[in-house]
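Visitor: Could you take me through this structure slowly, and tell me each time what a term rests on?

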Amino acid sequence: MYGSIRIEPNLHSKPLPNLDENLGFGKLFTNHMFMMDYEEGQGWHDPRIIPYGPISHDPAAMVFHYGQAVFEGMKAFRTENDEVVLFRPDQNAKRLNRSSERLSIPQMDEEFVVRAIQELVRVDAAWVPKKKGSSLYIRPFIIATEAILGVRPSMKYSFIIIMSPVDAYYDEGLQPINILVESYYARSVQGGTGNAKVAGNYAASLKAQTLAKEHNCAQVLWLDAIEKKYLEEVGSMNVFFKINGEVVTPSLSGSILEGITRGSIIHLLKEWGISVSERKISIDDIVQAHADGTLEEAFGTGTAAVVSPIGSLLWNGTPMVVNHGEIGQLVERLYTTITGIQCGKLPDTFDWLLKV
Ligand SMILES: *Cc1c(COP(=O)(O)O)cnc(C)c1O
C-alpha cells in the first residue's frame with residue numbers, strides 16, 4: 001500500500017539530549033519526521049522518513065484559510081525490559097480516519113498508518129526516554145495543501161508525523177486540578193466537529209481556557225451548547241465521576257471526542273466489576289451529588305495525563321470541592337494500572353501494546 005517507506009537519514013542530526021533532564025511537553029523534537037502526500041487522481045503516495053525541519057507551503061494553501069486539518073496524539077514507551085511499545089495505535093489510526101471523514105479529507109489505510117508510526121519510532125528509537133512516567137509523544141496530522149482560495153475540499157494534502165520526548169504530565173505524581181464549569185462559551189454542538197480531532201476545535205476553545213486561568217482553574221468543563229446543562233468534557237480530556245459507588249461518564253452524544261483513554265478506562269472498570277455507565281449527566285446531578293455527599297471522585301482522562309483528578313469544580317462562582325481536594329482511590333488505581341501496563345510493569349492482559 002502506497003509503496004515502501006523511503007528513509008532519508010538526517011545528516012545534520014542534533015546530538016541526543018539528556019532525556020533524564022527536564023523535557024517539558026512538546027518543546028523538543030526528534031531528528032526525523034514522516035511525510036506522505038495526496039493528490040486527487042494519484043491518491044496517497046511517496047511515504048518517506050526525512051530530516052525533521054520546516055516545511056514550505058504556498059500562502060494560498062487551503063489549511064491556512066479554511067482550517068482543513070486533523071490530528072492525533074499518542075505515545076511510545078520504553079518498558080522496564082528496554083523494549084519500545086505503542087499503546088493501542090490501531091485506535092488512533094481509526095480515529096484519524098473518522099476525523100478525516102468529517103472534514104472531507106481522503107481516508108488512509110489504517111494498517112499503513114500504524115506501520116508508518118512504527119517505522120518512524122524505530123528510526124528515532126534512541127529518543128524514547130526511560131525515566132519513570134516519561135514517553136515519546138507522537139503527533140500525526142493531516143493538512144490541506146492545495147493553493148486555491150475557492151471554498152471546497154482541497155485536492156492535495158500532506159500527512160505528517162512528528163515526535164517529541166516528554167515528561168510525565170505530573171512530575172510529582174497526580175495533582176488534583178481546579179476546573180471551571182463553562183456556562184457561556186461552547187466547544188461544540190451536535191452536527192459540528194466536536195467528535196472529530198480537528199485543529200479548529202482547539203482554536204475555538206482557547207478563549208474560555210484563558211478566562212478559566214484567571215479564576216485559578218486549569219481547564220474548563222464544557223456543557224452542551226443548546227441547553228447549557230449536560231456535561232461534555234474537560235478541556236482536552238473526557239470526564240468521569242464516581243457517585244455513590246457508580247462510575248459515570250457522558251455518553252458519546254455526537255459532540256464529544258471519543259478518547260482512547262476513556263475507552264480503556266471503561267474496559268478496566270468492567271473487568272474489575274465496578275459499575276460504569278455512559279449516560280447524559282447534567283450539572284444539576286453533580287450539584288445534587290455534591291450537596292448530599294455522594295460525589296466521591298471526579299477526574300479527566302486523556303493520553304497526555306492518563307488521568308487527572310479534579311479537586312474542585314467552580315460553578316456559578318461557587319467551588320464544589322471533590323473528595324476534600326485529594327486524590328481518590330479509584331483514580332489512583334486507574335493511573336497505576338494504565339501506566340503499569342504501558343511501562344511493562346504489569347502484564348498486557350488486553351493486548352493493548354504493540355512492539356516497535
Ligand atoms: C484527544 C482528546 C481527548 C482524549 O483522547 P485520548 O485518545 O484519550 O487521548 C479528549 N477530548 C478531546 C477534545 C481531545 O482532543
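Guide: Let us begin with helix H4 (residues 199–214), whose 16 residues should span 22 Å at 1.5 Å a residue, and whose end C-alpha atoms are 24 Å apart, which agrees. The expected span is 1.5 Å times one less than the number of residues, and helices here are DSSP runs of H or I with at least four residues, while strands are runs of E with at least two, numbered from the N terminus. This is a predicted model, in which local features need pLDDT of at least 70 and side-chain atom pairs count only at pLDDT 80 or more, while totals for chains, interfaces and linings use all residues. Residues are numbered from 1 along each chain as its sequence is written, and side-chain values use heavy atoms, with hydrogens and water left out.

Visitor: What makes you speak of a kink in H4, and where is it centred?

Guide: The bend at a residue is the angle between axes fitted to the seven residues ending there and the seven starting there, and in H4 there is a kink of about 35°, centred on Leu-206. Just after H4, Asn-216 takes a positive phi of about 65°.

Visitor: Why is Ile-142 called buried?

Guide: Buried means under 20% relative accessible area, exposed over 50% and partly exposed in between, with a 1.4 Å probe and protein chains only. Ile-142 has 0% relative accessibility, and therefore counts as buried. Ile-142 lies in strand E7 (residues 135–144), where 9 of the 10 residues are buried.

Visitor: Which residues does Ile-142 touch, leaving aside those up to four places away in sequence?

Guide: With contact meaning heavy atoms within 4.5 Å, Ile-142 touches several such residues, including Trp-44, Ala-69, Leu-96, Met-108 and Phe-159. Ala-69 is 73 residues apart from Ile-142 along the chain, yet their C-alpha atoms are separated by 5.6 Å.

Visitor: How do you know that E7 and strand E8 (residues 156–166) pair?

Guide: Two strands pair if DSSP finds at least two bridges between them, and E7 and E8 have 10 bridges, in the antiparallel sense.
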